[in-house]
Amino acid sequence: TDPSGIYFKPQRYDVVVANMLPGALLKLAPAIAMGVKPRLGTLGLSGMRRDQVEQVKKAYESHGIEFVGERVMVGSAPGAPEAEYVCLVGKLKERSPEELQAYTD
């Protein structure tokens, strides 16, 4: 079980993309970050407005993600005001065996 209470068997992927509302991105940060191959994998996070970016970044940085870029799009959902939406791009730093074990126990 990871800190969010979700049980999963760790798998590593070259590309991990999560397009969710910020609440879900924050809750699932440990599991999503764990799925990225260290150094080689790429993480894409979207579904957040500009004013929500720092909170999401902090959550993923605490799980070893280093952000290397972002894409911005202005748009809106039907009936909603226009806003600036951000897609973050990151990489997972190499982790020690002890750090990895903490997630798989």
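Ser 46 touches Ala 18, Asn 19, Met 20, Leu 25, Val 86 and Cys 87, residues up to four places away in sequence being left out; contact here means heavy atoms within 4.5 Å. Ser 46 belongs to strand β2, where helices (H or I, at least four residues) and strands (E, at least two) are DSSP runs numbered from the N terminus. With a relative accessible area of 15%, Ser 46 is buried; buried means under 20% relative accessible area, exposed over 50%, and partly exposed in between (1.4 Å probe, protein chains only). The side chain of Ser 46 also makes a polar contact with the side chain of Asn 19, at 3.1 Å. A polar contact is a pair of N or O atoms within 3.5 Å; within protein, one must be able to donate a hydrogen and the other to accept it, and residues adjacent in sequence count only if both atoms are side-chain atoms.

The model is predicted: local features need pLDDT of at least 70, side-chain atom pairs count only at pLDDT 80 or more, and totals for chains, interfaces and linings use all residues. Residues are numbered from 1 along each chain as its sequence is written, and side-chain values use heavy atoms, with hydrogens and water left out. The mean pLDDT (the predictor's confidence in each residue, from 0 to 100) of the chain is 88, and 81% of its residues reach 70 or more. Confidence is highest in helix α3 (residues 53-61), at a mean of 98, and lowest in helix α4 (residues 97-104), at 60.

The chain contains 4 helices and 4 strands, which follow the pattern β-α-α-β-α-β-β-α along the sequence. Of the 105 residues in the chain, 36% are buried. Among contacts in the chain with a separation of 6 or more, 61% involve residues 24 or more positions apart.

An open sheet of 4 strands shows mixed pairing and the order β1-β2-β4-β3. Its edge strands are β1 (15-19) and β3 (65-75), each of which pairs on one side only. On average, neighbouring strands of this sheet are turned by 15 degrees against each other, direction ignored; axes are lines fitted to C-alpha atoms, for helices over the stretch in contact, and angles run from 0 to 180 degrees between N-to-C directions. Two strands are taken to pair if DSSP finds at least two bridges between them. Strand β1 pairs with strand β2 (residues 42-49) in the parallel sense over 5 bridges, and Val 16 has Leu 43 in β2 as its bridge partner. The pairing of β2 with strand β4 (residues 83-92) is antiparallel, again with 5 bridges. Here Leu 45 has Leu 88 of β4 as its bridge partner, while Met 48 stands opposite Val 86 in β4. Strands β3 and β4 run antiparallel and are joined by 10 bridges; Arg 71 stands opposite Cys 87 in β4.

In helix α3, the buried residues are Val 53, Val 56, Lys 57, Ala 59 and Tyr 60. Viewed down the axis of α3, these buried residues fall within an arc of 160 degrees, so they line one face of the helix; the arc is that of the directions from the helix axis to the C-beta atoms. In general, an α-helix has 3.6 residues a turn, so residues three or four places apart point the same way. Gln 55 and Lys 58, on the other side of α3, are exposed. The buried residues of α3 pack against α1 (22-27), α2 (29-34), β2, β3 and β4.

Tyr 60, located in helix α3, is buried with a relative accessible area of 0%. Residues up to four places away in sequence aside, Tyr 60 touches Leu 25, Leu 28, Ala 29, Ile 32, Ala 33, Leu 43, Leu 45, Ile 65 and Phe 67. The C-alpha atoms of Tyr 60 and Ala 29 are separated by 5.8 Å, although these residues lie 31 residues apart along the chain.

Arg 39 lies in the loop between α2 and β2 and counts as exposed, at 55% relative accessibility. Although not a glycine, Arg 39 has a positive phi of about 65 degrees. Most residues other than glycine have a negative phi.
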